[in-house]
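Please consult the sequence and the model alongside the text.

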Amino acid sequence: MTKVSLNSEKLETAIAQIRKVVTDAEGARSSINLQIDSADVDIPDSDFSADALTAIDSLKARADEIESCKDEIVRLNESGIAGMDADGVITYNLPDTVTINSSKDLSSVVQAEIDAEKAKNADPDELLDLMNGSVADHQNDEVYAAAFADALGPEGMADLAYRIDKDRQYKLENFPDYDPNDPDTDYGTRWDKTNDAWLSAQATLSICFGTATNSSAWTPQHRADYAEGLAELVTDEDQPYYLPLGFNLLLEGANRTAANTADLGGEVTQAGGVFNKYFLQDLGHAVEAHEKTCEGNPAWQSQRMKASPPEGAVGDWDPMAGILTAMGRQPDAALDFLAPAVDDRATEQTVAVDGTTWEWLKGRDWDSAGFEALTAAVAGASEHRQLTTGTKDERAAWITEQAVVDMAGRKGSLWTDTSRQNAAVVLANSMQEVDEAASEAQRNSQRSPFNASMPAGWGEKHDEEVRSLLQETLKDDVALQTVSDAAGRYASARMDSALDALPEDASTEDAYKRASQTGYSNGCLIGYIQGAAEKGRGDAAAEKDATNQMILNAFGKGLSFIPGPQSAVVSKALSIAESYALDAAGDALPSNAQQTQDDAVTMQKQAMRRILAESYVKLDERGYLPPEAYLDYENNYYEDSWMKRDVRGDMHLDGEVLLSDPENIEQFMGWIEDDWDIDSALGDTLLGLDGFEDGAKMGKM
């Protein structure tokens, strides 16, 4: 701590004197400028006026800065945090753990100190207002967050997270049937609103804490010390019994989704904090070391036994649940914790993975709450299944292979919608293995440029495990769309690669044949996903229609995805999952009541049409469609919304518009069937339909 003493009256006098100097200097500068102008003479090589103005402005800014700092110290005194003696001297112990470089930083520290003090003594209503008010307003302010976490300390932060949850439970358990202040709103709506408000407070605290761990206001050593103090709350059974619950809530926020989204109050918001990777690894290793060396039960289990009556599920107490959830939102931490290299100096050709931590976690007796966290961490690690020059994609391939085999063997009530969504991210990031399972083939990087563009693959084939996991995972709508969208992106990239590999002198017939062959593989992939979803869901006819439409819409969206210059072949799946979680929160997913579908148009035909449309878009991009195809029989250009002109005025297909609307695809089908310039390719491209049927059979096994 640094002791700060301030006599505000004396400082105000000093500030006034500085401002008088500024005023006098401004007057003198103006007078000198006027005399120079009146004399009508040039003063060579003189920057007097500009230099004087710079000096005056600097002095003025310094006075403003001093005054702002003085005001903040006075505010601390008025809030009761600082003290004042009989001579009017305010004394405040400024924390050394937070770096302060400006009056703005000081203001953030002061506000954090005030809010932390309020949080310690607030009743439930005051606490809710504080968390969703001032703390939420400052949750992304690095200096505020660091100072807030320091003011409360590790135990205080965990205690606050626990209190927020206990207050939420108490409010909901004692929720009134009637509210005279809101007589027109029904019970269920009011209950949801109250629950969401408290979950928002929980999310705010977690986000604020995550900001603190990433703050430049903390030194690496202080961050490590804080992690050590936080870990002690769950590795020392003499700590208050409830702190493991608060520990997890602090790291998780409102839920355990790897996508880190929550629907609160009708708005999609961030569910929890994004923490510094070294902070999370320190926590994980501390708990692992404790459990591997302790005699008897780990401390958190002993603490759980002290709860009377029992509180929460086992996973709510297990500190690895909070740590793994947070790692799911920090892919670097997840990969380095779950799949570290035996030797950090290893290359991608020589890397071997240390599976010690994974084996320890895999052997844990997970309940559904803890399993959500485990799937979140694997989802985070799977984000590194991107082709790199280091060892990340090799290690990510290793952990996803281990996890898919493990998850496929877990059945029944262990699965929740959250764990399915997390597992869907793993599968979406492992689309090359899903594709291999769909076609009963094994890709080799030497056989095609597309295969060579893929990240490191698994060591062995696991077709049965992939199919089993898909059938379980795709029971959830968000999971279904995440995997389908990723499949569309993968299929689109494969078609691009296949056509780009054609020789420069390739004929139109060669291009159509290549598109047809690739269309079969893409049809097989989406058919496999549809078959697995149908088997897993066991839908009746009406539900099957809605399921199929979700698959088609997401697959089409993936087909039309245009990667940016820095994008990988297939976009990272967490962002895909997040987008569909947002849609779900906004009720954008098709429901059975909304879904109306012509029974004569089968799922296979709809999938084929999308694959066909995507094929033609890519053929058109490479000049394989004749210009005459865009002219009607009277030699006028078509005016369809899914066609567009390029900068030279030439007509082309607009893939994004075409694939976004089933009606556009129907018009497209009429175009290619009726136009003699392009209908010769139609027969070959219908092979995509055969691929779909073959894939669907595999998915249903």
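Helices here are DSSP runs of H or I with at least four residues, numbered from the N terminus. The model is a predicted one, in which local features need pLDDT of at least 70 and side-chain atom pairs count only at pLDDT 80 or more, while totals for chains, interfaces and linings use all residues. Residues are numbered from 1 along each chain as its sequence is written, and side-chain values use heavy atoms, without hydrogens and water.

Asp 129 is a residue of helix H4. Because its relative accessibility is 57%, Asp 129 counts as exposed (exposed is over 50%, buried under 20% and partly exposed in between, with a 1.4 Å probe and protein chains only). Its C-alpha atom is separated by 9.4 Å from that of Ala 197, 68 residues apart along the chain.

Two packed helices are described by the angle between their axes and the distance between the axes. Axes are lines fitted to C-alpha atoms, for helices over the stretch in contact, and angles run from 0 to 180 degrees between N-to-C directions. Contact means heavy atoms within 4.5 Å.

| Helix pair | Axis angle | Axis distance |
|---|---|---|
| H3 (residues 103-121) and H4 (residues 124-138) | roughly 160° | within 10 Å |
| H21 (residues 477-500) and H25 (residues 603-621) | about 40° | 10 Å |

H3 and H4 are therefore roughly antiparallel, a term for angles over 145 degrees. In H3, the residues that meet H4 include Gln 111, Asp 115 and Lys 118; their counterparts in H4 include Glu 126, Leu 130 and His 138.

**Helices H21 and H25**

On the H21 side, Ala 491, Ser 492, Met 495, Asp 496 and Leu 499 meet residues of H25, among them Glu 614, Lys 618 and Leu 619.

**A mostly covered helix**

In helix H18 (residues 431-439), 8 of the 9 residues are buried. The buried residues include Gln 432, Glu 433, Asp 435 and Glu 436. Just after H18, Glu 440 takes a positive phi of about 50°.

**Nonpolar cores**

A nonpolar core is a set of buried Ala, Val, Leu, Ile, Met, Phe, Trp, Tyr and Cys residues joined through side-chain atoms within 4.5 Å. The largest has 169 residues, and Phe 148, Leu 653 and Phe 668 are among those with the most contacts inside it. Helix H5 (residues 142-173) supplies the largest share of this core, 14 residues. Apart from this core lies another, of 6 residues, including Leu 199 and Leu 264. Beyond its neighbours within four places in sequence, Phe 668 is in contact with Leu 612, Ala 613, Tyr 616, Trp 642, Leu 653 and Leu 658.

Notes
Helices (H or I, at least four residues) and strands (E, at least two) are DSSP runs, numbered from the N terminus. Angles under 35 degrees count as roughly parallel, over 145 as roughly antiparallel, 65 to 115 as roughly perpendicular and the rest as oblique.
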